[in-house]
Amino acid sequence: MLYKMNQVWAAILNLDPYLIIEKYFQKVHMEGQHIVFLCPFHKDEDPSMKFTPGKNIWKCFSCGASGSGIVSIMTRYFDDVLQAPMPNDNKEKANYTVCRIAYDFDLITEKQFESFSKQKYTTKDAALSHPVEAKQTCRDQITADPDVINNVYRAMAEVCGLSEKHRKHLLRERFLVDGDLKNYFSFPERKKMFKKGVDLHKAILDLLCDRIAKMRYGRALSELSLPEKNEVYGLPFIQKVMRQFPYIPGFYFRPVTNDEVEKTKKLFSEENIRKQMENSLCYFDSEKGRIYGFYEYMSYQGIGILNTDSRAWVCGIDIRKDKVNGKESRYVRFSSEFAHGKRNYIGGSSSGSPGGVIYPKEPGACQLFVTEGRFKAEKIAETGNIAIYITGVATWKNAMSLIDEVREWRTRIYIAFDSDVMGNKAVHKQLQSLAEALQERNMDVRMVVWKLEYGKGFDDLMNNQGINYKKYVKAITYQHFERLYQACLRELNDEASKYAIQNSIEDKLKLQ
């Protein structure tokens, strides 16, 4: 039970809007990202009202009624349709609405409703209070087990392959070698995959089952008898993959309606898993029983990049988009967090910011390096060192566990970020936090620096300078770097560009 008005507001604002709409309105269902239902403001027979949780807006596409927020539509409903005894002031009306919803959901008593609904309260006040979880909220996010994620992502890369366009980009512009390409693939587009008759979920499962069939029987899956195939599909690991598939970051399960199930159910045999696997329509065994639907995934045009942890297991996928608009980021993470907790989806999981580790490709010094992005890490690994990479300077905390796992006897670590970020105050703050965290682990922190003209990133430096790259870099202690940085800031005014700061540092270091 809630005892304060700020708790009531916080509870309603954190309540799934679908639950509220389902309680008060008719013919409620999901269409993509929209909650669709009969408009209460006119005689509606075919649902024409849409509420979009992602944008927090609502509109009827018949009568034109529209607004922003669940409270606004409920206020109009209580006032115009139910003609509830509401106050005249709009803010007081909104407060009455929130209290009415809380009462109807048994979050407050009738006595509290009578008391709270007369108070003056706004969403601004609610924002200042700590959110209170309502009774009916989404369960905590679930993520598939690491072994499932590793096997599915590797199978996904093999199924999708690498287009000639992307292969040329990686070899000619990123200067990778053929052996590196196994960690890259052309990201699948749903429409193109559908036209080819390929269901990604089915293709991944078939590949995993085919591998097991060859190990178990010495033959491909297609060559097995029906009992042998069913035995493979029934193995604990395959069943685990099928059960956890919706919780793999980037994937989710979209149930179909009862009408859709009846139309397509005749294509399947309830007793035979193999036949169900031959079609895109699948089922998901939930606590409430078998649910039919489709396994879907986030789709982009670009290069998929496998992130590997200290065990060389794939723990995440980054996508380098082929095209970007304006200030749009070139890199995105393969995530399906948007689907988590939504009533029209099962599963959905955040990718987090895993980063990764690349071990030396040739014997070398095996020193520890921290950098940003896999392409730079690939080049550092070519020098015979261990490269730990993060997916953004602000995500440096994700590198700490990786460093702890691979450091062993090492007491020194090198930070090799882009040469131009040294003049960015926001980035410097993150570097400072990273260096301090490493020093707390009793590590000797060294900064790897070079002139911007030799290349922006470490990969650019190596690609531009070749085997002579060592002539153009210098490793200094973090304390030395910090003194130089602070001296440059004192010399330059606040309007100086980051390049001016960078050049000043380069002059003081007297780099080649």
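Which residue in E4 is the bridge partner of Lys50? I looked this up before anything else, working from a predicted model. The partner turned out to be Lys59. That bridge took me to the two strands around it: E3 covers residues 49-52, E4 covers residues 57-60, and they pair in the antiparallel sense over four bridges.

Next, I zoomed out to the sheet. I found an open sheet of five strands in the order E1-E2-E3-E4-E5, with antiparallel pairing. Strand E1 (29-31) and strand E5 (66-68) each have a single partner strand, so one side of each has no neighbour in the sheet. I noted an average twist of 25° from one strand to the next.

Then I asked what packs on this sheet. Helix H2 (residues 17-24) does, touching E1, strand E2 (34-37) and E3. The direction of H2 makes about 5° with that of E2. I also checked helix H3 (residues 70-81), which lies across E2, E3, E4 and E5 and runs at about 45° to E4.

My last entry is on helix H7 (residues 146-160). I tested its length: at 1.5 Å a residue, its 15 residues should span 21 Å, and the end C-alpha atoms are 21 Å apart, which agrees. I listed the buried residues of H7 as Val148, Ile149, Asn150, Val152, Tyr153, Ala155, Met156 and Ala157. Looking for what covers them, I found elements including helix H10 (200-217), helix H12 (236-244) and strand E7 (251-255). Strands E10 (302-308) and E11 (314-321) are also part of that cover. After H7 comes Gly161, and I noted its positive phi, near 70°.

Technical notes:
Residues numbered from 1 in each chain as written. Predicted model: local features only at pLDDT ≥ 70, side-chain atom pairs only at ≥ 80, totals over all residues. Heavy atoms only, no water. Pairing = 2+ DSSP bridges. Axes fitted to C-alpha atoms, helices over the stretch in contact; angles between N-to-C directions. Contact = heavy atoms within 4.5 Å. Expected span 1.5 Å × (residues − 1). Buried < 20%, exposed > 50% of the residue type's maximum accessible area, 1.4 Å probe, protein only.
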